[in-house]
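Biologist: I'd like a walk through this model, one feature at a time. Could you give me the general idea each time, then the case at hand?

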Amino acid sequence: MRKFLLIFALLVTTVFVFAQTPKKGGVLYDYWTADRMIFDPQEDTYLQTYAMARLLFSTLVRYKGETLELEPELLVKMPEVSQDGLVYTFELKKGIKFHDGKTELTSDDVKFTIERMLSPKGRGASKWLFEPILGAAAFMKGESTSLEGFKKIDNYKFQIILEKPYAPFLQNLAVPAASIFSEKLVMAAGDSWKLKPVGTGPFRLKSHTPNTEIVFERNPYYFEAGLPYLDGVVYRIIPDSTVALMEFEAGTLDVVTIPVLEYERIKKTGKYNIIEKEALNTYYFIMNLSDPKWSNPLLRKAMALAINKQEMAQSLYGPRATVAKSFVTPGIPGAYQLGEGPAYDYNPEEAKKIVAQLGNIGKVTAWQSGGDTLSDANIIIQAMAKEVGIDLEIIPVERAAYRQARNEGKIPATYANWWADIPDPDNYIGVFFGKGNQMSSGYNNKEIQEMIEKARIEVDPQKREQMYKQIEYKIIREDIAVIPLFHLKYLLATQKNVHGVIAHPTGITLYLYAYKQ
């Protein structure tokens with residue numbers, strides 16, 4: 001297993017330093033801006049649901065502290081991998097109980113969890129996690145009732161066999177959507193499961209008052225001795241970030257995401273712990289290559305040259321944003337270094353020449369996910385397009401309809417963001433541009449997609465990294481299938497007496513080791 005040491009260089013500051021002995025007890029108060037009304041990470045992939053999944057559930061492997069190095073969580077040790085990279089052998093820790101204190105975790109629960117995600121009758125939103133497993137394709141089509149690539153050895157040992165080698169497979173198992181469920185408890189809960197979750201995680205759900213607060217309490221049966229330190233975590237629903245900051249400064253919240261315009265003031269007070277670090281994300285503008293107008297590469301190039309990323313990033317996010325030169329976030333093996341990459345620089349004069357060359361192309365269209373009015377980002381993009389002569393209409397579309405259209409490849413173009421599920425270039429390149437992509441890219445370059453397939457199974461890390469760089473260059477510089485705009489840092493503040501908070505690069509704030517002094 002490779003170790004992603006490069007990421008360490010990007011971590012700026014952290015409060016994950018145990019300068020003192022952690023104190024047990026106390027309740028930590030955080031907030032969400034909305035209540036998603038779901039706790040099932042198989043069905044809902046928002047960061048909010050993922051963050052709560054890390055309280056409620058456990059995965060076979062997880063990230064070690066704030067790093068991108070994997071360590072066993074439900075396992076006795078890291079799985080053994082056969083030389084051909086196809087067979088993974090796992091051993092569960094014995095005696096792990098779910099929140100009811102009675103139900104013990106077994107190999108059958110792991111099989112159930114995987115098959116539940118892949119079920120053609122289910123609502124699994126992250127099937128890609130387990131698609132590399134032998135027989136997954138047949139199972140998803142309903143052609144088999146048991147996953148061929150899962151072999152139970154006994155109640156605690158099992159093997160997972162892949163269809164073909166897939167280098168980042170273990171990373172997939174650390175995604176919150178791969179949290180292990182109890183077959184017995186899920187079946188007993190039925191349709192109420194998504195609101196009444198029962199896991200093996202460090203906290204269990206105590207109460208949920210819709211649109212008001214979500215209360216978690218320490219799991220007394222948690223399998224890691226001495227953890228968690230906190231008695232509980234409470235998420236209040238506070239839609240206005242300004243109100244949340246006011247509550248934080250008043251001491252009624254322990255954690256807050258710092259609004260950009262307040263960053264310098266909050267930092268200068270010296271009253272709080274500040275967490276500022278790089279995170280694995282890219283904000284982008286993507287154009288559907290199957291759209292009648294966006295299929296023209298000259299139009300896409302003009303659009304790429306029209307956007308002043310520096311001005312846009314500064315205007316929207318100030319010190320939190322860094323201009324993107326590549327789609328795969330810097331720091332991931334196989335990504336370009338920060339400040340380097342194949343993306344086009346702002347050049348409005350060149351963009352105007354291309355638009356003139358295109359002639360009368362009329363209005364071109366992009367969509368916005370949700371909202372009654374255009375977001376600030378879309379207003380900026382629209383104005384910059386107009387500046388070079390591109391008549392860009394941006395249409396707000398209801399979120400559910402937007403998601404469905406995206407899955408069906410019907411969105412003409414859109415401004416959006418991608419927070420990596422795993423620190424691997426395939427989580428960007430493969431998802432957006434590989435065969436069967438579902439992100440409305442319309443990408444269908446057979447040569448590049450064959451290169452993606454080869455990179456996916458390449459077992460030599462250095463060779464694989466070079467392959468992804470070549471692929472990304474062709475997608476961004478030659479095909480101009482996506483315009484990377486900027487990356488966002490974490491900007492969190494905690495009260496001075498709060499310690500052990502982990503702002504993980506994957507975008508999830510973790511409280512397993514958090515405590516209040």
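**Reading the helix packing**

Modeller: Let's begin with handedness: the crossing of helix 13 and helix 15 is left-handed, meaning that the near helix is turned anticlockwise from the far one by less than a right angle (clockwise would be right-handed). Helices here are DSSP runs of H or I with at least four residues, strands are E runs of at least two, and both are numbered from the N terminus. Bear in mind that this is a predicted model, where local features need pLDDT of at least 70 and side-chain atom pairs count only at pLDDT 80 or more, while totals for chains, interfaces and linings use all residues. Residues are numbered from 1 along each chain as its sequence is written, and side-chain values use heavy atoms, with hydrogens and water left out.

Biologist: At what angle do helix 13 and helix 15 pack?

Modeller: Axes are lines fitted to C-alpha atoms, for helices over the stretch in contact, and angles run from 0 to 180 degrees between N-to-C directions. Helix 13 (residues 426–433) meets helix 15 (residues 461–478) at about 45°, with the axes 11 Å apart. That makes helix 13 oblique to helix 15; under 35 degrees would be roughly parallel, over 145 roughly antiparallel, and 65 to 115 roughly perpendicular, with the rest oblique. The contact (heavy atoms within 4.5 Å) is made by Asp426, Ile429 and Phe433 of helix 13 and Arg464, Tyr468, Ile471, Glu472 and Ile475 of helix 15.

Biologist: And how does helix 14 pack against helix 15?

Modeller: Helix 14 and helix 15 pack at about 160°, their axes 9 Å apart. That makes helix 14 roughly antiparallel to helix 15. This crossing is left-handed. Residues in the contact include Met451 and Ala455 of helix 14, and Met467 and Gln470 of helix 15.

Biologist: Next, rings. How many aromatic pairs are there?

Modeller: A pair of aromatic rings is described by the distance of the centres and the angle of the planes. Rings of Phe, Tyr and Trp (its six-membered ring) pair if their centres lie within 6.5 Å; planes under 30 degrees apart are stacked, over 60 edge-to-face, and the rest tilted. The structure holds 24 such pairs. Phe57 and Phe181 have ring centres 4.9 Å apart and planes at 50°, so this pair is tilted. It links distant parts of the chain, with Phe57 and Phe181 lying 124 residues apart.

Biologist: Which peptide bond is cis?

Modeller: The one from Leu227 to Pro228, with omega near -10°. Pro228 sits in the loop between strand 9 (213–218) and strand 10 (232–237).
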